Amino acid sequence: MEDIESHVDRIGAVANDSYVAVTDDEFVGVAIDQFRAFEPANDDATIYYLYIVDDADRLVGVMSLRELLNAPEDDVVADHMETDLYTVNVDTDPEAATKQLADTDFPALPVVDNRGRLEGVIRTEEMLDVLAEEASEDILKSAGFTFTDVEASRSSAILESSVTRILRLRMPWLLFALAGGLLAGAVIEVYEDTLEAVVALAFFVPVIMDMGGNVGTQASTIFVRGLALGQIDEQNAIRHFLREGLVGALIGLLIGGVGGAAAYVWQINEPFAAELALVVFVGLFAVCIVASTVGYIIPWVMHKLGFDPAAASDPLITTVKDVTALLIYFGLAAILLAELL
């Protein structure tokens with residue numbers, strides 16, 4: 001996302017140059033050959049129309065791909081082109097251009113300058129990103145912020161401060177993460193006998209911890225972005241917390257089901273296969289709920305305390321979800337696999 005100061009304010013700056021244009025005296029067969037040989041710079045770009053220009057590059061007509069392929073190849077394109085044109089001026093505001101594109105029901109519109117010369121094309125799928133960027137800009141402006149303000153306040157301390165200040169900003173959270181890692185190691189040591197009795201449990205320890213990290217990182221990233229854009233505030237924070245808990249539970253059911261099934265198939269010839277599958281399932285289910293929930297709650301608490309949520313959240317989330325996940329995983333294993341210990 002660009003800063004507001006460098007934000008695009010004219011559609012000509014984002015118009016796509018992946019299009020096919022021929023002069024009005026070109027034969028249909030030659031135009032078809034140009035279509036076949038054309039390779040757009042963006043592989044995802046869809047070419048909908050053939051654009052026809054005069055000798056001064058002024059747009060004079062357009063043909064759809066269907067019309068082009070149905071026309072006799074020895075005819076000139078001028079005999080089949082549509083001259084009732086819908087165009088967008090290069091200086092049009094992106095929001096207005098997007099609305100104009102939507103109102104015409106065309107998948108693409110040509111962009112022309114004040115002299116009518118073809119400068120590019122805008123397409124529906126590409127303008128969705130422009131709309132999202134404009135909406136984000138409006139939200140920040142209404143709150144009295146710009147992207148420059150937000151990014152400067154979060155990055156200046158890291159990019160412009162002295163090395164000593166940078167260490168003061170980052171080291172406390174990293175030391176907390178180190179303490180959390182040592183605590184997680186202590187949990188594993190407590191259940192060392194369980195691991196020795198059922199070696200298969202060790203295989204799923206990194207799976208559960210990594211999955212918790214991925215879910216927690218996703219949740220905190222979404223939350224911090226929503227907080228910066230003004231989409232999460234005092235009025236709707238609780239609703240977002242509850243919703244993220246539900247999302248975490250659904251993710252946990254799906255991921256836990258896959259992990260439990262994998263554990264069962266892997267140990268299917270062992271007498272404890274079903275118990276191991278249940279332990280893995282519950283472990284993954286629980287860690288997804290915990291990680292997604294704390295992924296929202298911790299950035300909110302850091303924000304309320306005046307800390308940078310982006311810098312402080314990950315070490316705290318990692319510690320909480322690691323220790324919680326291991327306690328649930330090994331605690332459940334000790335209960336369900338007690339006869340093996």
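The following legends describe close-up views of a predicted model. Local features are given where pLDDT is at least 70 and side-chain atom pairs count only at pLDDT 80 or more, whereas totals for chains, interfaces and linings use all residues. Residues are numbered from 1 along each chain as its sequence is written, and side-chain values use heavy atoms, with hydrogens and water left out.

**View 1. An open sheet of three strands has the order β1-β2-β3, with mixed pairing.** The edge strands are β1 and β3, each of which pairs on one side only, and the twist averages 30° from one strand to the next. Strands here are DSSP runs of E with at least two residues, helices are runs of H or I with at least four residues, and both are numbered from the N terminus; two strands pair if DSSP finds at least two bridges between them. β1 and β2 run parallel and are joined by four bridges, with Val22 standing opposite Ile52 in β2. On its other pairing, β2 meets strand β3 (residues 59-64) in the antiparallel sense over five bridges; Tyr49 has Ser64 of β3 as its bridge partner, and Leu50 stands opposite Met63. The hairpin of β2 and β3 has five residues between the strands, and in it Asp57 takes a positive phi near 65°.

**View 2. Strand β2 is covered on both faces.** Tyr49, Tyr51 and Val53 lie on one side and Leu50 and Ile52 on the other, and all are buried, a word used here for under 20% relative accessible area, with exposed meaning over 50% and partly exposed in between (1.4 Å probe, protein chains only). Because five of the five residues of β2 are buried, the strand is largely enclosed by the rest of the structure.

**View 3. Ring pairs link Tyr19, Tyr49 and Tyr51 into a cluster.** The structure holds six aromatic pairs, counted where the ring centres of Phe, Tyr or Trp (its six-membered ring) lie within 6.5 Å, with planes under 30 degrees apart called stacked, over 60 edge-to-face and the rest tilted. The rings of Tyr19 and Tyr51 have their centres 6.2 Å apart and their planes at 85°, so this pair is edge-to-face. Tyr19 belongs to the segment before β1 (20-23) and Tyr51 to strand β2 (residues 49-53), so the pair ties together parts that are 32 residues apart in sequence. Both Tyr19 and Tyr51 are buried.

**View 4. Strand β5 is joined to both β4 and β6.** Strand β4 (residues 88-89) runs parallel to β5 and is joined to it by two bridges, Val88 standing opposite Val111 in β5. With strand β6 (residues 118-123), β5 pairs in the antiparallel sense over five bridges, and the bridge partner of Pro110 in β6 is Val121. In the hairpin of β5 and β6, where five residues lie between the strands, Gly116 takes a positive phi near 85°. Ala108, Pro110 and Val112 point one way from β5, while Leu109 and Val111 point the other way, and all are buried. Strand β5 (residues 108-112) is largely enclosed by the rest of the structure, because five of its five residues are buried.

**View 5. The structure holds three salt bridges.** The term requires a side-chain nitrogen of Lys or Arg within 4 Å of a carboxyl oxygen of Asp or Glu. Asp33 forms a salt bridge with Arg36, the closest N and O atoms being 3.6 Å apart; both residues lie in helix α1 (residues 28-37), three residues apart, about one turn of the helix. Asp33 is partly exposed, with a relative accessible area of 44%, whereas Arg36 is exposed at 64%. The side chains of Asp54 and Arg58 meet in a salt bridge at 3.1 Å, N to O, in which Asp54 is buried at 13% relative accessible area and Arg58 is partly exposed at 40%. Arg117 and Asp113 likewise meet through their side chains, at 2.8 Å from N to O, with Arg117 partly exposed at 32% relative accessibility and Asp113 buried at 12%.

**View 6. Met171, Leu175, Leu178 and Leu182 form a nonpolar patch on the surface.** Together these residues have about 390 Å² of accessible area, from the Shrake-Rupley method with a 1.4 Å probe, where for residues only the protein chains shown count as cover. Patches are made of residues with over 30% relative accessible area and no salt bridge, like charges being joined within 9 Å and nonpolar side chains (Val, Leu, Ile, Met, Phe, Trp, Tyr) within 5 Å. Leu182 lies in helix α6 (residues 163-190) and, at 60% relative accessibility, counts as exposed.

Conventions
Axes are lines fitted to C-alpha atoms, for helices over the stretch in contact, and angles run from 0 to 180 degrees between N-to-C directions.
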